[in-house]
Amino acid sequence: MDAILIGFSSLFSDPVNLIVLVFGIFLGIVFGCIPGLTATLGVTLMIPFTYTMTPIAGLTLLIAIYVGGISGGLITATLINIPGTPSSIFTCYDGYPMAKSGKPGEALSIGVFASLVGGTFSAFALFFIAPPLSMVSLIFGSWEYFSVAFLGLAVVITMASDDMLKGLIGAIFGMVLGCVGMDDVSGAQRLVFGHWQLMSGLQSTALMMGMFAICEIMIQSHTIGSFRYNINLKGLSFRPPFKEMKGCFTPIALGCLFGTGIGILPGIGQNAATLITYNQAKKMSKHPERFGHGSPEGICASETSNNAVNGGALIPLVTLGIPGDMTTAALVGGLMIHGLQPGPLLFTTNVDVVGAIMVAYFISNIVMYIMELGLMKVFVKAVNVRRSFLFSAILLFCILGAFAINNRTFDIWVLIFSGVGAYIFTQFKIDLAPVILGYILGPLVESYFRMALIADNGHFLMIFTRPIATVCFIGALLFLLYPLIKKVVLKVRG
């Protein structure tokens with residue numbers, strides 16, 4: 001509770017923190033409701049602008065964008081059957097049919113209310129799970145950190161892509177990018193090819209802005225003309241239509257539990273959480289035939305789970321320094337730009353920052369609910385912004401942001417080449433999630449593995465003398481071998 005109380009004190013001691021929180025929620029919802037723009041893109045784009053802020057103000061802004069962006073995706077998913085963010089795809093299945101039947105306001109109210117419940121539940125999970133987990137993680141050694149990072153990498157390779165081979169290719173490419181620069185263990189130069197600019201590695205913010213922003217601009221440039229949707233919004237209320245929500249307790253409960261639990265697992269993210277929750281809610285529903293035809297239960301299952309992932313994903317970030325999803329992977333850059341190393345030491349060296357992160361996340365969910373329903377007509381108008389204007393502004397912000405961090409043009413080239421490379425990957429249907437998380441987790445896996453071997457004189461079997469490391473390592477192997485095991489089982493049954 002000390003961290004939470006200090007967090008409240010730190011956040012409310014400066015009015016700027018509350019101003020940037022409200023602004024971040026607004027900006028996040030805008031990014032979330034415009035198809036093609038995501039919460040991850042919003043967070044990545046704003047990281048350079050937090051450089052001049054205090055650590056608490058900067059991280060509050062990024063957290064607020066995260067919360068607003070994930071929830072904002074339900075607006076277009078409900079009104080025009082296009083998910084503003086990938087995590088809202090299952091909201092399309094029931095939100096749009098309900099809106100089409102003459103109840104757009106009711107569908108939006110249910111979705112935003114479900115977002116509030118999921119986000120608030122995971123906020124309490126963040127309050128009560130993160131502090132004790134950080135204390136446990138202080139006893140972690142190199143084997144434990146290696147196995148946890150390896151587990152996260154295995155999960156990403158297996159679940160983040162439809163094709164495991166493509167997921168493996170993406171992860172390996174990301175790990176190679178993470179190897180550029182000075183080796184943390186030996187100090188040797190790796191993959192610098194005689195260029196001194198690469199000695200410190202590839203600048204993470206420029207790399208991520210390229211992979212998300214530049215790549216997305218290139219993808220959508222094929223249809224860069226004006227999008228105009230005829231949206232008739234009515235029946236919107238701050239009070240959710242409880243008469244329409246009979247039977248929604250079960251999907252909301254499932255969304256809270258599955259979303260938070262999956263968020264804690266490194267690298268899985270919202271898409272898997274919404275898929276699992278939606279399918280399970282449909283199985284447990286008294287009226288499964290209504291799913292896909294405007295069922296409030298389907299809206300609740302999707303929106304509760306994808307927002308519950310947010311708080312869950314923050315737990316491994318602040319306790320272990322390992323991101324829970326793509327957006328928290330970008331948040332690593334937000335921490336490091338202020339000289340903060342995510343992990344268990346944050347609770348001892350920067351308890352005010354950790355407390356502020358937890359409190360900002362909790363308050364952001366409440367502000368999101370009020371703002372999203374109160375300014376819904378404004379956000380609906382944002383859907384019709386011309387892409388030619390929008391992408392020009394985003395491109396300008398990316399170039400300025402990449403240059404401003406280190407004041408060198410080399411980072412602009414990193415931005416451009418990473419964007420082009422990411423675009424090429426998408427054309428081959430290779431998911432970018434394994435690339436990004438391979439870039440972040442790969443160096444952790446390598447460094448902790450080598451340090452563990454050095455400490456134990458090269459004896460790898462010493463990992464099996466550490467229970468936590470053993471469980472995580474075996475779990476990682478099972479994830480990697482799952483497609484092969486599944487194939488053998490199907491062959492035996494056939």
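Predicted model: local features only at pLDDT ≥ 70, side-chain atom pairs only at ≥ 80, totals over all residues.
A disulfide is a covalent bond between the sulfur atoms of two cysteines. The cut-off applied here for such a pair is 2.5 Å, and the structure as a whole holds zero disulfides. Cys 248 counts as buried because its relative accessibility is 2%, below the 20% limit. Cys 472 also counts as buried, at 14% relative accessibility.

Helix α10 covers residues 249-264. This helix has 16 residues and spans 23 Å from its first C-alpha to its last, close to the 22 Å expected at 1.5 Å a residue. Its buried residues include Pro 251, Ile 252, Leu 254 and Gly 255.

Aromatic rings were examined next. A pair of aromatic rings is described by the distance of the centres and the angle of the planes. The whole structure contains 22 aromatic pairs. One of them joins Phe 8 and Phe 12, which are stacked, with 6.1 Å between the centres and 10 degrees between the planes. Both residues belong to helix α1 (residues 2-12), where they are four residues apart and therefore separated by about one helical turn. An α-helix has 3.6 residues a turn, so residues three or four places apart point the same way. Phe 8 is partly exposed, with a relative accessible area of 30%, and Phe 12 is partly exposed at 43%.

The rings of Trp 143 and Phe 449 form an edge-to-face pair, because their planes stand at 70 degrees, with the centres 6.2 Å apart. Trp 143 is in helix α7 and Phe 449 is in helix α19 (residues 432-455), so this pair ties together parts that are 306 residues apart in sequence. Trp 143 counts as buried, at 4% relative accessibility, whereas Phe 449 is partly exposed, with a relative accessible area of 26%. Ring pairs link Trp 143 and Phe 449 into a cluster with Phe 146, Phe 150, Phe 460, Phe 464 and Phe 473.

Helix α7 (residues 142-159) also contains Glu 144. At 5% relative accessibility, Glu 144 counts as buried. Its side chain reaches the backbone nitrogen of Gly 141 at 2.9 Å. Leaving aside residues up to four places away in sequence, Glu 144 touches Arg 466, Ile 468 and Ala 469.

Terms used:
Residues numbered from 1 in each chain as written. Heavy atoms only, no water. Helix = DSSP H or I, 4+ residues; strand = E, 2+ residues; numbered from the N terminus. Buried < 20%, exposed > 50% of the residue type's maximum accessible area, 1.4 Å probe, protein only. Polar contact = N/O pair within 3.5 Å; in protein donor to acceptor, adjacent residues only side chain to side chain. Contact = heavy atoms within 4.5 Å. Expected span 1.5 Å × (residues − 1). Phe/Tyr/Trp six-rings, centres within 6.5 Å; stacked < 30°, edge-to-face > 60°.
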